[in-house]
Amino acid sequence: MDNEQLIRRDLSVLWHPCTQMKDHEALPPVPVRRAQGAWLEDFDGRRYLDAVSSWWVNLFGHCNPYINAALREQLDTLEHVLLAGFSHAPAVELAERLLRIVPPGLARCFYADNGSSAVEVALKMSFHYWRNRGEHGRTRFINLSNSYHGETLGALALGDVALYKETYRPLLLEPLTVPSPDCFLREPGQSWEAHSRAMFRHMEEALARHAGSVCAVIVEPLVQCAGHMRMYHPVYLELLRAACDRHGVHLIADEIAVGFGRTGTMFACEQAGIRPDFLCLSKGLTGGYLPLSVVLTTDAVYGTFYDDYASLRAFLHSHSYTGNPLGCRAALATLDLFERDPVIADNRRRAARMAQAVADLADHPHVAEVRQTGMILAIEMIRDKARREPYPWQERRGLAVYRHALSRGVLLRPLGNVIYFMPPYVVTDEEIDLMAAVAAEGIDLATRP
Ligand SMILES: *Cc1c(COP(=O)(O)O)cnc(C)c1O
């Protein structure tokens, strides 16, 4: 089999995610035969550096020998069993170990099998908690502008990326949307902290006005990844935790993308010293191997559901593959790697190298900003830097960068006009320099008049 054959077969049977399939007439999908470390290889032997961790999931490289071995062993022991009425060691051990490393105060783990489902679980649990307490008037959620929480209808409703949401609006819950503390929008000369702090007044107002009808506030801590990698200061989370307590509403932290070291700490909430009422994890949870997610919550929440069956307070939510043993085992192996090696400390050096590798781009006439939070670095292209006028989305400048990078053997997958690096934690200095060089060339090409 070669590339061409696989592409032909693919295009006659598959419908790809998040894709206008007609685009593939001009640019076919890249058929990947195998992968190793940070590199993907196609059927013709061409290699691509996976600078986006295969959509932000991979942490320790593809076909990591340690995770592979753990999975092989699990495969010959127990592949799957239902988790209702039954239990298994990987699910129990993973819950125990997660509870030891998340912010203190979280005490219960509820599994699901993808990020969107974890968000749905958190929304339903929060709503149901208030009902269990007799507060039937709590039916609303507060979210941030430019947020993203997944694609299923509940999660989609709580996001605010028009491109994904607009078409389906008649089907969706209506959240109370508060302006994001996104620091790209700060005044010239203003610090991230000052901007994020100032933006909190909108949240305070919304909570003051609506607290009695609100179940929870949902946020992506520190980085709005799908919303063009926009970033904000931890002070916002600190203020938000205090305000949620003051107004008596839940805080849901969607760390599906930013968890497991992406922001420079194991969990982004740590940088604000806060504990959410619900913590949603997925993506990196299994090291990028298998679909699994988990919602962690407090004993206070769990306690309102715990009663005689006839009270009908139970959380009767499930997915067929809830807590799948292979997924849990991959997650345990991933946690082993965090314990075995000083990953977070080593990443500080990698993050500094990324910053250094793109430092020159800040002065590029069509780069509005180079921003970074830990292992996430983003470069925002702009038409008119002085007037802050963006390129129209129809021009698809990011796509030009994507095509150039592929021709140079690097997988960059810009979000609109934003090019970003979110590499696996095995990336070397040379690979970082390659990513940066290819991004710089791509930006030059894409921003030519
Ligand atoms: C990816 C993502 C989700 C959705 O996860 P899926 O597994 O793709 O359903 C939710 N929230 C955030 C912040 C994400 O980045």
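# Close-up views of a predicted model

**View 1. Arg388 sits in the loop between strand 14 and helix 13 (397-407).** Residues are numbered from 1 along each chain as its sequence is written, and side-chain values use heavy atoms, with hydrogens and water left out. Look at the backbone of Arg388: phi is near 55°, a positive value in a residue other than glycine. Arg388 is partly exposed, at a relative accessible area of 40%. On this scale, buried means under 20% relative accessible area, exposed means over 50%, and partly exposed lies in between (1.4 Å probe, protein chains only).

**View 2. Met229 is another residue other than glycine with a positive phi.** Here phi is near 50°. Met229 belongs to the loop between strand 8 (223-224) and strand 9 (230-231). Is Met229 buried or exposed? With a relative accessible area of 0%, Met229 is buried.

View 3. Surrounding the ligand are Trp56, Asn114, Gly115, Ser116, Tyr148, His149, Gly150, Glu220, Asp254, Ile256, Ala257 and Lys283; a residue counts here if one of its heavy atoms lies within 4 Å of the molecule. A polar side-chain atom of Ser116 lies 2.6 Å from an oxygen atom of the ligand. For Lys283, an N or O atom of the side chain is 2.6 Å from an oxygen atom of the ligand. The side chain of Asp254 has an N or O atom 2.6 Å from a nitrogen atom of the ligand. On its own the ligand has 380 Å² of accessible area, and the protein covers 82% of it. Accessible areas come from the Shrake-Rupley method with a 1.4 Å probe; for residues, only the protein chains shown count as cover.

**View 4. Helix 12 (residues 343-357) and what its buried residues pack against.** Helix 12 has 15 residues and reaches 21 Å from its first C-alpha to its last, close to the 21 Å expected at 1.5 Å a residue. The expected span is 1.5 Å times one less than the number of residues. Its buried residues are Val343, Asn347, Arg350, Ala351 and Met354. Seen down the axis of helix 12, these buried residues fall within an arc of 105°, so they line one face of the helix; the arc is that of the directions from the helix axis to the C-beta atoms. Arg348 and Gln356 are exposed on the other side of helix 12. The partners of the buried residues are helix 11 (325-340), strand 13 (367-373), strand 14 (376-381), strand 16 (418-421) and helix 14 (429-446), with contact taken as heavy atoms within 4.5 Å.

**View 5. Glu369 in strand 13.** Glu369 counts as buried at 9% relative accessibility. Its side chain makes a polar contact with the side chain of Arg371 (2.8 Å). A polar contact is a pair of N or O atoms within 3.5 Å; within protein, one must be able to donate a hydrogen and the other to accept it, and residues adjacent in sequence count only if both atoms are side-chain atoms. Which residues does Glu369 contact, leaving aside its neighbours within four places in sequence? They are Cys183, Phe184, Arg186, Ala378, Ile379 and Glu380.

**View 6. Glu431 in helix 14.** Glu431 is buried, with a relative accessible area of 15%. The side chain of Trp39 makes a polar contact with the side chain of Glu431 (2.8 Å). Beyond its neighbours within four places in sequence, Glu431 is in contact with Ala38, Trp39, Leu49 and Val426.

**View 7. Helix 1 (residues 3-13) and its buried side.** The buried residues of helix 1 are Asn3, Ile7 and Asp10. Down the axis of helix 1 they fall within an arc of 65°, so they line one face of the helix. What covers them includes strand 2 (39-42). The face turned away from this buried side carries the exposed residues Glu4, Arg8, Arg9, Ser12 and Val13.

Key:
Predicted model: local features only at pLDDT ≥ 70, side-chain atom pairs only at ≥ 80, totals over all residues. Helix = DSSP H or I, 4+ residues; strand = E, 2+ residues; numbered from the N terminus.
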